[in-house]
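Please consult the sequence and coordinates alongside the text.

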Amino acid sequence: LSVSRSPRGCLIPYRQHTVANSASGMAVSDECKLKFLELKAKRSFRFIVFRIEEKIQRVMVEKLGQPEQSYDDLAASLPPDDCRYAVFDLDFITDENCQKSKIFFISWSPDTSRVRNKMLYASSKDRFKRELDGIQADLQATDPSEMSFDIIKGRALREQSRACHQIHLQNK
């Protein structure tokens, strides 16, 4: 806990390791951003699962997926009856036979979760995503079938194809 002074000179306590989310009152722990940077820059993790700790109004890291783990491991890490955020580093091969990687943000909000949790995660999502600089694709799922590996890979290929098409048009 640190202390700063208000314009009137009063001492104001604050925690250095959080960033407030003005839209929902939710804070984001620095660990979330640091682990995301490790995933993005060093590829230290395959995925990260985040949870909102409602009692302390903060987004926290819940689970780190090791580089050898798969998308199925991520899917198995998401609770069947509670919301979570996750990021996944997808490696794939394009139609042009090029190795690519894309970082997906997944908003998991199953139909069986409490309405209050769904609202909390929905109201915090956009701000939290902005804290994670480098998200390349987004997926929202309420059921495991909505986030199958085929769906995520298909989206990555479509976005890659769209990006290549835009580059091609710019070069004409």
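The paragraphs below treat the basis of the values, then the strands, the helix and the salt bridges.

The structure is a predicted model, in which local features need pLDDT of at least 70 and side-chain atom pairs count only at pLDDT 80 or more, while totals for chains, interfaces and linings use all residues. Residues are numbered from 1 along each chain as its sequence is written, and side-chain values use heavy atoms, with hydrogens and water left out.

**Strands**

Helices (H or I, at least four residues) and strands (E, at least two) are DSSP runs, numbered from the N terminus. Two strands are taken as paired if DSSP finds at least two bridges between them. Strand β6 (residues 58–65) pairs in the parallel sense with strand β4 (residues 27–29) over 2 bridges; here Ala 27 stands opposite Arg 58 of β6. Strand β5 (residues 47–53) runs antiparallel to β6, and 7 bridges join the two. Within this pairing, Ile 52 faces Val 59 of β6, and Arg 51 stands opposite Met 60 of β6. The two strands β5 and β6 form a hairpin with 4 residues between them, and Gln 57 in the turn has a positive phi of about 55°.

β5 is also joined to strand β7 (residues 84–93), by 4 bridges in the antiparallel sense, with Phe 50 opposite Tyr 85 of β7. A residue is called buried under 20% relative accessible area, exposed over 50%, and partly exposed in between (1.4 Å probe, protein chains only). Because 5 of its 7 residues are buried, β5 is largely enclosed by the rest of the structure.

**Helix α3**

Helix α3 covers residues 115–131. The expected span of a helix is 1.5 Å times one less than its number of residues.

**Salt bridges**

A salt bridge is counted when a side-chain nitrogen of Lys or Arg lies within 4 Å of a carboxyl oxygen of Asp or Glu. By this rule the count comes to 14 salt bridges. The table lists some of them.

| Pair | N to O distance |
|---|---|
| Arg 84 and Glu 62 | 3.0 Å |
| Lys 125 and Asp 138 | 3.7 Å |
| Lys 129 and Asp 138 | 2.3 Å |

The pair of Arg 84 in strand β7 and Glu 62 in strand β6 links distant parts of the chain, 22 residues apart. Arg 84 is buried, at a relative accessible area of 10%, whereas Glu 62 is partly exposed at 34%.

Lys 125 of helix α3 and Asp 138 of strand β9 (residues 137–141) likewise link distant parts of the chain, 13 residues apart. Lys 125 counts as buried at 13% relative accessibility, and Asp 138 as partly exposed at 23%. Elsewhere, salt bridges that share partners join Asp 30, Lys 33, Arg 127 and Glu 131 into one network.
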